[in-house]
2 protein chains.
Amino acid sequence: MAELTVTTFKWVPEWPRGHVRDLRVRWALEEAGLPYRVASVPFEGRDADHLAHQPFGQVPWLTDGDISIFESGAILLHLGLRSEALMPSDPRGRSQTMEWVFAALNSMEMATVPWSIFVFSGYSDETPEWKRLDDFVKLRLNHLEPILAEREWLADRFSVADIAMTEVLRLVERLGGLKVYPACREYIARATARPAFVKALADQMAHFAAAD
Amino acid sequence: MAELTVTTFKWVPEWPRGHVRDLRVRWALEEAGLPYRVASVPFEGRDADHLAHQPFGQVPWLTDGDISIFESGAILLHLGLRSEALMPSDPRGRSQTMEWVFAALNSMEMATVPWSIFVFSGYSDETPEWKRLDDFVKLRLNHLEPILAEREWLADRFSVADIAMTEVLRLVERLGGLKVYPACREYIARATARPAFVKALADQMAHFAAAD
């Protein structure tokens, strides 16, 4: 089997620890029981090799033998195509998983990332600009909440779609945006109780702490 | 072969015509030469059947035999797994296509959609909130521009990744955001000169015009 390597930053500041996107990949690899190693690039500066692997200068990327792949969503689907534990191989299970990975990243995270930028930056919560972004997030959460109240996982069973959605929602919860969404909070609790998540999170925290 | 049906709105206002996301799916189907039909749902109101197919109340969704799949990115990959014309079936070509579909939707469109909401809404371009979103788009375009200056298509050949990226960039161009990005504009020109795009766009415009 080709060796799998996840590359992330060597170090990041305190706040983003526990949310850097190599966590999504670590979690998937732990769920699948695939052996992997972790490599690092500097947090400051982006050299040509970094940009050759991740053209937007972000992390993570995964190398799988002679393939190098970036974008956490693409990495999750790549691993899903390798492991039945991450994505069913029948057409219906596969399409369910794919649609919910995109829903997590393109319907939910598209709303929550600009929202989180505003929350972080301490902008006034009275401006029409803020209200517009806050309404965008709530519009999406209002659709998601009844779905998560009715099912354990997004597809028929746990899949990489749940890794993507949990990671998107965890940040919203941390920033105080899930107070009136109990099904979303319970979903996060279910997902983050999984041993693979617990190990992946502890490993990420230890990785950054080792570089302090 | 299972019958393919794309569902979109029956009618939308003038402005979004030519950008509604069924265009991405029509374009892919035309490129692949797959026969399909188009179905409609009302623009006003979302009934239970609509939400059963697209839980966020959006369009499009695709039915492929007994599979119903939503999220334009997921539909593009679903069709890519069906047609070599849309996504190479070798592991390297497939991972390249997947990473660039996600880059288009999760790295680029995540920045351009909130930006476009602000442009549409006519907010002041002097506020720090606007500058933050505008800088986010420029940060991503500054990485994309040199890439598109050096290659014809995002993967080794035309793929669904180019459909996703072109559709994201077309909206930015229409809103005046690509003036200093000539390689992005030339990429759009290359992609939209393809007969499959020309037919898909004409068909979408005719579909909405028929409901006026």
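## Salt bridges within a helix

A:Arg170 has a relative accessible area of 12%, and is therefore buried. In this predicted model, the side chain of A:Arg170 forms a salt bridge with that of A:Glu167, at 3.0 Å from N to O. A:Glu167 is also assigned as buried, with 5% relative accessibility.

Side chains of opposite charge can pair when their charged atoms come close. In chain B, the side chains of B:Arg37 and B:Glu3 meet in one of these contacts, with an N to O distance of 2.9 Å. This pair links distant parts of the chain: B:Arg37 is in strand E2 (residues 36-41), while B:Glu3 is in the segment before strand E1 (4-9), 34 residues apart. B:Arg37 is partly exposed at 45% relative accessibility, whereas B:Glu3 is exposed at 52%.

A further salt bridge joins B:Arg92 to B:Asp156, where the closest N and O atoms are 2.9 Å apart. B:Arg92 lies in helix H4 (residues 91-121) of chain B and B:Asp156 in the loop between helix H5 (128-150) and helix H6 (160-174), so the pair ties together parts that are 64 residues apart in sequence. B:Arg92 counts as partly exposed, with a relative accessible area of 44%, and B:Asp156 as exposed, at 61%. In chain A, a network of salt bridges links A:Arg21, A:Arg24 and A:Glu109.

## Aromatic pairs

Over all chains, the structure holds 22 aromatic pairs. One of them is formed by A:Trp15 and A:Phe120, with 4.5 Å between the ring centres and 80 degrees between the planes, an edge-to-face arrangement.

A:Trp15 is partly exposed at 32% relative accessibility. A:Phe120 is likewise partly exposed, at 44%. Ring pairs also join A:Trp27, A:Trp153, A:Phe158, A:Tyr187 and A:Phe197 into a cluster.

## Arginines over rings

Two arginine-ring contacts are described here for chain B. B:Arg174 lies over the face of B:Trp15, 3.6 Å from the ring centre. B:Arg190 places its charged end over the ring of B:Trp153, at 5.8 Å from the centre.

## Cysteines

No disulfides are counted over all chains. A:Cys184 is buried at 0% relative accessibility, and B:Cys184 is buried with a relative accessible area of 0%.

## Hairpin and loop in chain B

Strand E3 (residues 61-64) and strand E4 (residues 67-70) of chain B pair in the antiparallel sense over four bridges. Across this pairing, B:Trp61 stands opposite B:Phe70 in E4 of chain B. The hairpin has two residues between the strands, and B:Gly65 takes a positive phi near 65 degrees there. In a regular strand the side chains alternate between the two faces of the sheet.

B:Pro16 is placed in the loop between E1 and helix H1 (22-32) of chain B. With 28% relative accessibility, B:Pro16 counts as partly exposed. The C-alpha atoms of B:Pro16 and B:His143 are separated by 27 Å, and these residues are 127 residues apart along the chain.

## Relation between the chains

Chain B can be superposed on chain A with an RMSD of 0.0 Å by a turn of 180 degrees and a shift of 0.0 Å along the axis. That is the relation of a two-fold axis. Among the residues of chain B, B:Met110 comes closest to the rotation axis, with its C-alpha at 2.3 Å.

Note on methods. Residues are numbered from 1 along each chain as its sequence is written. Chains are lettered from A and ligands numbered from 1 in the order in which they are written. This is a predicted model: local features need pLDDT of at least 70, side-chain atom pairs count only at pLDDT 80 or more; totals for chains, interfaces and linings use all residues. Side-chain values use heavy atoms; hydrogens and water are left out. Rings of Phe, Tyr and Trp (its six-membered ring) pair if their centres lie within 6.5 Å; planes under 30 degrees apart count as stacked, over 60 as edge-to-face and the rest as tilted. Buried means under 20% relative accessible area, exposed over 50%, partly exposed in between (1.4 Å probe, protein chains only). A charge sits over a ring if NZ of Lys or CZ of Arg is within 6 Å of the ring centre and within 35 degrees of the ring normal. A disulfide is a pair of cysteine sulfur atoms within 2.5 Å. A salt bridge is a side-chain nitrogen of Lys or Arg within 4 Å of a carboxyl oxygen of Asp or Glu. Two strands pair if DSSP finds at least two bridges between them. Copies are superposed by least squares on the C-alpha atoms of residues with pLDDT of at least 70 in both.
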